[in-house]
Amino acid sequence: MIRARTPILILAGMSLLAAASCTDPAQLGGTDPNQNTKQGALLGGILGAGLGALVSDDKGKGAVVGGIAGAASGAVAGSFLDRQEADLRRDLENQQIAITNTGDRLIVTMPQDILFAVDSSAVNSTLRADLLTVAQSLQKYPDSRVQVLGHTDNTGSAAYNQGLSERRANAVADVLMNGGVAFSRIETIGRGEDQPVASNLTEEGRAQNRRVEIVILPIV
């Protein structure tokens, strides 16, 4: 019994050491340009080890092999996202557009108040250039799928907000496709008022909740 557990315990120790290296005090300021590559490798290794142990007859060997494969895949995804994030930050000059790199995806958040007029699903002409910049980035990095998510505040009925969020997500997706992004890569989703990121009790909070998110998910 002890011999069977040994490889898994060794792998767990290696994962913990990797985690420690990713949280080096010198990197806590967020200045490491390869942080998400390292994080992707760590997460991929842990997940790969677990899956490898589940599917392999030799649990210890399966965990090691799965961990190595998962770490490599996670590192590729993390590096891909780091590069694309850097390019988007360089090319998008609109300070109201937020870019978040979670290590496994990029989220480009555009406030609906700059994208659309009140109660409209027609993209403002001044924002089309920014969306086309995102489209160019998606063409440069083709190994990803894209989700366009529309969100609203809770003003008005839930049914109306759901429909509005869907129309606005579709409108943003249309601009991306007009910019050359393949239809097959894009999924549009309307979240309505169901996923607020701030309180709907204040105008500032409602403004934050009215947004479109372009989520870039690498395929590795």
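## Strand 5

In this predicted model, Arg211, Glu213, Val215 and Leu217 point one way from strand 5, while Val212, Ile214, Ile216 and Pro218 point the other way, and all of them are buried. Buried here means under 20% relative accessible area, exposed means over 50%, and partly exposed lies in between, with a 1.4 Å probe and protein chains only. Strand 5 is thus listed as mostly covered, with eight of its eight residues buried. In a regular strand the side chains alternate between the two faces of the sheet.

Strand 5 pairs with two others. Strand 2 and strand 5 are antiparallel and share six bridges; in this pair Met110 stands opposite Val212. Strand 3 also runs antiparallel to strand 5, and eight bridges join them, with Ser144 having Pro218 as its bridge partner. Two strands count as paired if DSSP finds at least two bridges between them.

## Basis of the model

Residues are numbered from 1 along each chain as its sequence is written, and side-chain values use heavy atoms, with hydrogens and water left out. The model is predicted, and local features need pLDDT of at least 70, side-chain atom pairs count only at pLDDT 80 or more, and totals for chains, interfaces and linings use all residues.

## Overall make-up

The protein has seven helices and five strands. From the N terminus on, the elements run α-α-α-β-β-α-α-β-α-β-α-β. Helices (H or I, at least four residues) and strands (E, at least two) are DSSP runs, numbered from the N terminus.

Of the 220 residues in the protein, 45% are buried. Among contacts with a separation of 6 or more, 68% are made by residues 24 or more positions apart. Contact means heavy atoms within 4.5 Å.

The five strands form an open sheet in the order 1-2-5-3-4, with mixed pairing. Strand 1 (98-101) and strand 4 (186-192) stand at the edges with a single partner strand each, so one side of each is left without a neighbour in the sheet. From one strand to the next, the twist averages 20°. Helix 6 (residues 158-178) packs on the sheet and touches strand 3 (144-151), strand 4 and strand 5 (211-218); its direction makes about 155° with that of strand 4. For these angles, axes are lines fitted to C-alpha atoms, for helices over the stretch in contact, and the values run from 0 to 180 degrees between N-to-C directions.

Ile99 has Val108 as its bridge partner, and Thr100 has Ile107. The covered face of strand 1 holds Ile99 and Asn101, and the uncovered face holds Ala98 and Thr100. The hairpin of strand 1 and strand 2 has four residues between the strands, and in it Gly103 takes a positive phi near 100°.

Asn161 lies in helix 6 and is buried, with a relative accessible area of 3%. Leaving aside neighbours within four places in sequence, Asn161 is in contact with residues including Thr152, Asp153, Gly192 and Glu193. Asp174 and Ile186 are twelve residues apart in sequence and 9.7 Å apart in space, C-alpha to C-alpha.

Thr188 belongs to strand 4 and is partly exposed, at a relative accessible area of 32%. Beyond its neighbours within four places in sequence, Thr188 is in contact with Val148, Ala169, Asn170 and Ala173.

## The largest pocket

The largest pocket holds about 270 Å³ of space. Its lining has 14 residues, and Val118, Asp119, Leu164, Arg168 and Arg210 lie nearest the centre. Helix 4 (112-115) and helix 6 are the elements that give two or more residues to this lining, and helix 6 gives the largest share, four residues. A pocket is an open set of points on a 1 Å grid over the protein atoms alone, where a 1.4 Å probe fits and protein lies on both sides within 12 Å along at least five of seven lines; lining residues have an atom within 4 Å of a point. Grid points are joined across faces, edges and corners, and the volume is the space filled by probe spheres set on the points.

By class, the lining has five nonpolar, four polar and five charged residues. Ala, Val, Leu, Ile, Met, Phe, Trp, Tyr, Cys and Pro count as nonpolar, Asp, Glu, Lys and Arg as charged, and the others, Gly among them, as polar.
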